[in-house]
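Keep the sequence and the model side by side.

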Amino acid sequence: SYNEMSSINRSLVISSEDAMIVLQEKGIFQVTRPYEQVLASSFLGGAYLSWGALLSVYIGGSAAEALSPGMLSLLKGLLFPVGLSMIVISGSELLTGNFLTQSLPNLKLS
């Protein structure tokens with residue numbers, strides 16, 4: 001209900017304008033990074049994502065006979081984001097994130 005939503009800690013919520021400014025600043029920072037650092041970070045991001053996908057396929061494939069199809073899909077769906085979580089925690093990069101943050105500094109925000 002609306003009353004439950006009003007108990008959210010408002011200090012943790014930022015406006016969309018502030019979020020765009022933070023993303024613009026991140027894009028400016030990323031552009032100034034050395035080429036070698038970007039290459040290594042991107043390589044690690046791809047490796048982490050591949051590791052999560054491999055974990056999902058390996059564990060899901062070995063459990064295929066023991067689980068029902070619904071539980072198997074749930075297990076695989078829970079394992080794949082492990083790679084994405086590793087990317088976020090380590091601060092590595094993916095190309096899609098770079099498309100967002102490096103195009104934002106060119107936008108005019110009012």
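Start with helix H3, residues 35-62. At 1.5 Å a residue, its 28 residues should span 40 Å, and its end C-alpha atoms are 40 Å apart, so the two agree. The expected span is 1.5 Å times one less than the number of residues. Helices here are DSSP runs (H or I, at least four residues), numbered from the N terminus.

This is a predicted model: local features need pLDDT of at least 70, side-chain atom pairs count only at pLDDT 80 or more, and totals for chains, interfaces and linings use all residues. Residues are numbered from 1 along each chain as its sequence is written, and side-chain values use heavy atoms, with hydrogens and water left out.

Which residues of H3 are buried? They are Ser-41, Gly-45, Gly-52, Ser-56 and Gly-60. Buried means under 20% relative accessible area (1.4 Å probe, protein chains only). The buried residues of H3 pack against helix H4 (69-79) and helix H5 (81-90).

Now take H3 with H4. They pack at an angle of about 155°, with axes 8 Å apart. Axes are lines fitted to C-alpha atoms over the stretch in contact, and angles run from 0 to 180 degrees between N-to-C directions. H3 and H4 are therefore roughly antiparallel (over 145 degrees). H3 contributes Gly-52, Leu-55, Ser-56, Ile-59 and Gly-60 to the contact, and H4 contributes Leu-72, Leu-75, Lys-76 and Leu-79. Contact means heavy atoms within 4.5 Å.

Step back to the protein chain. It has six helices and zero strands. Of its 110 residues, 17% are buried. Among contacts between residues at least 6 apart in sequence, 78% join residues at least 24 apart.

Methods
Helices (H or I, at least four residues) and strands (E, at least two) are DSSP runs, numbered from the N terminus. Buried means under 20% relative accessible area, exposed over 50%, partly exposed in between (1.4 Å probe, protein chains only). Angles under 35 degrees count as roughly parallel, over 145 as roughly antiparallel, 65 to 115 as roughly perpendicular and the rest as oblique.
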